[in-house]
Amino acid sequence: MDMRGDGIFPDEVVIQILARLPVKSLFRFKTVCKLWNRLSLDKYFVQLYNEVSRKNPMILVEVSDSYGSKSSLICVDNLRGVSEFSLSFLNDRVKVRASCNGLLCCSSIPDKGVFYVCNPVTREYRLLPKSRERPVTRFYPDGEATLVGLACDSSYQKFNVVLAGYHRTFGHRPDGSFICLVFNSELNKWRKFVSLQDDHFTHMNKNQVVFVNNALHWLTVSSTYILVLDLSCDVWRKMQLPYDLIYGNGYRIYLLDFDGCLSVIKISEAWMNIWVLKDYWKDEWCMVDKVSLRCIRGMVPGIFPISQTGEYVFLATHKQILVYHCKSQVWKEMYSVKYSSTLPLWFSAHAYRSTMFSCN
């Protein structure tokens with residue numbers, strides 16, 4: 001990028017300021033000058049913007065009314081508060097299935113087997129071609145994939161969508177075959193491979209998929225190991241959790257991203273312990289924080305961590321979104337449902353960050 005500095009501030013200073021604005025504001029300011037107009041096409045600026053946004057993760061949560069007939073998508077941002085997102089540009093009723101690096105993978109509610117990948121702030125989207133698999137007869141138990149994953153490589157502006165589920169022929173029980181379909185955005189087509197798996201997942205396990213080191217990671221229902229899909233070779237493998245982490249009774253654990261590393265949050269009656277995988281290839285885990293839950297004791301049974309950085313942790317309850325500030329050790333309510341919702345907030349909450357990632 002040409003940094004001539006013809007204005008009051010050098011262009012590099014202006015670029016650094018613009019990289020900290022919401023994407024919506026950037027697009028609104030395109031008419032200011034030629035430099036600002038071409039920012040969204042400049043590789044240096046896009047990379048800078050995406051790096052800055054990594055430090056400010058958010059939560060996207062789908063909120064339904066008491067009748068379940070109407071829903072809205074709420075974005076909770078630690079810096080800018082609460083705003084409402086619309087996916088109306090998809091011209092379809094959809095459910096958010098996965099989130100990664102600013103993109104969302106959504107499935108059509110009325111038309112099973114139809115998937116979109118979109119950037120809700122730039123309003124770009126891509127309708128994925130239908131796979132040849134017939135999901136109603138292939139995936140168990142409800143015609144939908146057991147696991148949905150979205151892997152976005154922001155360095156190369158490409159993504160993969162993963163649908164995985166247990167095989168069954170119509171009218172029969174599943175036979176143990178685990179079908180995996182992987183969509184490649186560069187080739188615009190699906191590939192398929194089959195393996196034998198005996199893993200099971202809770203709803204939260206399925207929602208909390210983490211993309212690190214070109215692999216997708218899910219925590220299994222046993223909470224003793226992580227199921228890993230290596231996208232470079234289409235191989236499933238299992239990553240054991242350390243004994244110190246899973247030792248004891250009366251706790252729950254959740255899988256999250258921590259500044260680009262795998263992290264596990266362990267919640268017991270009185271404590272929230274945050275573990276981070278410091279060395280991915282040597283399986284070296286360490287506990288980076290131990291947080292007392294005394295001041296939110298009544299909420300502990302129904303609290304679920306959704307997103308985090310080294311500075312704060314977002315958590316969801318049935319009707320609230322909370323943020324914990326690690327340095328000040330202060331809890332703050334960021335959002336609360338004003339009416340009776342059909343589902344708890346944690347049920348449809350996803351980690352999110354605003355980026356200029358293009359899905360086309």
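Analyst: Two strands count as paired if DSSP finds at least two bridges between them, and strands (E, at least two residues) are DSSP runs numbered from the N terminus, as are helices (H or I, at least four residues). This is a predicted model, in which local features need pLDDT of at least 70 and side-chain atom pairs count only at pLDDT 80 or more, while totals for chains, interfaces and linings use all residues. Residues are numbered from 1 along each chain as its sequence is written, and side-chain values use heavy atoms, with hydrogens and water left out.

User: Which residue of β24 stands opposite V61?
Analyst: Strand β1 covers residues 58-64 and runs antiparallel to β24. Four bridges join β1 and β24. The residue of β24 opposite V61 is A349.

User: What kind of aromatic pair do F85 and Y352 form?
Analyst: Rings of Phe, Tyr and Trp (its six-membered ring) pair if their centres lie within 6.5 Å; planes under 30 degrees apart are stacked, over 60 edge-to-face, and the rest tilted. A search of the whole structure finds 14 aromatic pairs. F85 and Y352 have their centres 5.9 Å apart and their planes at 90°, so the pair is edge-to-face.

User: Are F85 and Y352 buried or exposed?
Analyst: F85 lies in strand β3 and Y352 in strand β24, 267 residues apart in the chain. Buried means under 20% relative accessible area, exposed over 50%, and partly exposed in between (1.4 Å probe, protein chains only). The relative accessible area is 10% for F85 and 3% for Y352, so F85 and Y352 are buried.

User: In the open sheet of β16, β17, β18 and β19, which residue of β17 is the bridge partner of R252?
Analyst: The order of this sheet is β16-β17-β18-β19, with antiparallel pairing, and its edge strands are β16 (252-258) and β19 (284-292). Neighbouring strands are turned by 25° against each other on average, direction ignored. Seven bridges join β16 to β17 (residues 261-267). The partner of R252 in β17 is I267.

User: Over the face of which ring does R252 lie?
Analyst: A charge sits over a ring if NZ of Lys or CZ of Arg is within 6 Å of the ring centre and within 35 degrees of the ring normal. K290 lies over the face of W271, at 4.7 Å from the ring centre. For R252 the distance to the ring centre is 5.3 Å, and the ring is that of F304.

User: How many residues of strand β10 are buried?
Analyst: Strand β10 spans residues 177-184 and is mostly covered. S177, I179, L181 and F183 point one way, F178, C180, V182 and N184 point the other way, and all are buried. The count for β10 is eight of its eight residues.

User: Which residue of β11 is the bridge partner of I179?
Analyst: β10 runs antiparallel to strand β9 (residues 158-166), with seven bridges between them, and L163 stands opposite L181. Eight bridges join β10 to β11 (residues 189-196), again antiparallel. The partner of I179 in β11 is V194.

User: Which residue in the hairpin of β10 and β11 takes a positive phi near 55°?
Analyst: This hairpin has four residues between the strands. The name asked for is N188.

User: How many disulfides does the count come to?
Analyst: A disulfide is a pair of cysteine sulfur atoms within 2.5 Å. The sulfur of C105 is 6.7 Å from the closest cysteine sulfur, in C106, which is too far for a bond. C152 is in no disulfide either, as the nearest cysteine sulfur, that of C100, is 4.2 Å away. By this rule the count is zero.

Methods:
Axes fitted to C-alpha atoms, helices over the stretch in contact; angles between N-to-C directions.
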